[in-house]
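Open the model in your viewer and keep the selection tool ready. Each stop tells you what to pick and what is there.

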Amino acid sequence: MGGPVIKEISFKLNGRPVSCPVDTRLTLLDLLRDSFRLKSPKRGCDETVCGACAVLVDGRGICSCTMLAVEVEGSEVVTLEGLGSEEEPNPLQRAFVELDALQCGFCTPGQIIGATSFLLSLGEEEVSEEEVREAMSGNLCRCGCYDNIIKAVIRTAEVVRRGEWKLR
Amino acid sequence: MILIFVERIYTRPPRSHNVILEPFDYLSPRLLDEALKEAEKRGEDFKFLAGGQSLIPMMKLGLTRVSCIIDLKKIRELSFVESSQRELRVGALVKHVELERSPLVKSSIPILSRAAGAIAHPLVRNRGTIGGSISLGHPSADLPVISLLLDAKIEVVSFRGNRWVRARDFFRGPMVTDLKTTEIVRSVSFTIPRGKYGWAFRKLVMSHGDFPLLIVATMLEVEGGIIKEARIALGGVGETPLREINVEEFLKDREASEEVISKAARIASSDYTPPPSPELSSGYLKRMIEVYVRRCLKESSWRGE
């Protein structure tokens, strides 16, 4: 077996074009946390169960623990850091705070990403609670804040549906 | 806790969690021909990568070791959904989320859309592909079960040409399929069911999004209270997903009554002794086959009437 294989990749990270060399064995999660020092994607289960590592790749939420870093070549990656800021939280983040949709906060970045992915896919129709529960089912919260998380997502979905917040 | 200091992170992954240990080359051709040619050249020690929702965890656990990954995701020609009067053809790289939402799939084969939308959870569906799921051939995976139910044909290509394999000949054992190393699934073709039929799809999971322990998919064509045709596909009960031919034959030309359906469900249950899961005993699962087949058949019969 030979030595490490390094590939040069370029992609868009939170709106900025970036390039870096990566070991083919690294996951996207390793790359974001360790090379780019973005700490919002969390290493939870590390096997596509908990959703704590979720990031948006080309507008869809995915588990960054189960994607090779080299696979993002040419894609657009958005982490929580690319969404709102502490001073200016976006409507979804505000709803999370106002409705108390978190306790320890470990899963929250993943929850926000999972919800954003859902909001990006919304059509004209009103969303049902059942639909939101299914949409958020990939994000586990061990503090058990599900009810408030669902409420926050439903509230934001209404905001998006009324055209008061444009995600794209 | 032991902290491992890593100087140059991109050449040495940390060891505090599952990491892929063996270095491998990574190629992402844009044309199918290029990928197939590369495969032919390499012969053995490589793997094709699609959505990676099984392959990457397997590599992280050290269950799959290869010296090269050929990523198919950049190959545009593998991502399409098209239909004619009789057939719906789905390219291998179509993601579960796309299958779930496609109006074409929803209107022509609703059970396919339903099953795709029931796979794991959205973060997996956003990435997993139909070709990947079929190629892996897990005995309790949703799309292999549906492909059997619908008598799908699977288009397999290699550098040397292409061939069509019927779903029932494709799955050979637990995660063993008819695919050779240098071959890939190019598309899956489903015959659009005709006539007035009802369908149902149910699965037993320990918690939402978990790997299914049992999958039951059924289709019933009922005319004037009589079952004209019955199809039952099961996942998780044997070494491959399978069709319950026994019960299908039993149901044919019988009345779609509660009594007949209950009897059919008991036959289905008596036909298998599923392996125990870490959580559930074989006996419990056997009983669940009866319950789930009965529920599915009932649901199919009222949907079809």
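**Stop 1: two loops in chain B**

Select B:Ala120, which sits in the loop between α5 and α6 (122-125) of chain B. Helices (H or I, at least four residues) and strands (E, at least two) are DSSP runs, numbered from the N terminus. Before going on, note that this is a predicted model: local features need pLDDT of at least 70, side-chain atom pairs count only at pLDDT 80 or more, and totals for chains, interfaces and linings use all residues. Residues are numbered from 1 along each chain as its sequence is written, while chains are lettered from A and ligands numbered from 1 in the order in which they are written.

Now look at the backbone. B:Ala120 is not a glycine, yet has a positive phi of about 35°. Most residues other than glycine have a negative phi. Is B:Ala120 buried or exposed? B:Ala120 is buried, because 23 other C-beta atoms lie within 10 Å. The cut-offs are these: buried means 20 or more other C-beta atoms within 10 Å of the residue's own, exposed means 12 or fewer, and partly exposed is in between, with C-beta atoms placed from the backbone.

Next, select B:Met175. This residue is in the loop between β8 and β9 (176-177) of chain B. B:Met175 also has a positive phi, about 55°, and is not a glycine. With 16 other C-beta atoms within 10 Å, B:Met175 is partly exposed.

**Stop 2: B:Ile75**

Select B:Ile75, in the loop between β3 (68-71) and β4 (81-83) of chain B. B:Ile75 counts as buried because it has 22 C-beta neighbours inside 10 Å.

**Stop 3: two domains of chain B**

Colour domain 1 (76-191) and domain 2 (197-304) of chain B. These bounds come from an automatic or database domain assignment. The C-alpha centres of the two domains lie 21 Å apart. Across the boundary, 21 residues of domain 1 of chain B are in contact with 20 residues of domain 2 of chain B. On the domain 1 side, α5 (110-116), α8 (142-149) and β8 (171-173) of chain B each supply at least two residues. α8(B) gives the most, with six residues. By class, that side has 14 nonpolar, three polar and four charged residues. Here Ala, Val, Leu, Ile, Met, Phe, Trp, Tyr, Cys and Pro count as nonpolar, Asp, Glu, Lys and Arg as charged, and the others, Gly among them, as polar.

**Stop 4: where the chains meet**

Show both chains. The contact takes 37 residues from chain A and 29 residues from chain B. Elements giving two or more residues to the chain A side include β1 (6-13), α1 (28-35) and α3 (108-120) of chain A. β4(A) gives the most to that side, with four residues.

**Stop 5: a helix pair in chain A**

Select α3(A) and α5 (residues 146-161) of chain A. Their axes come within 11 Å and cross at roughly 35°. Axes are lines fitted to C-alpha atoms, for helices over the stretch in contact, and angles run from 0 to 180 degrees between N-to-C directions. The contact has seven nonpolar, two polar and no charged residues.

How values were computed: Contact = placed C-beta atoms within 7 Å.
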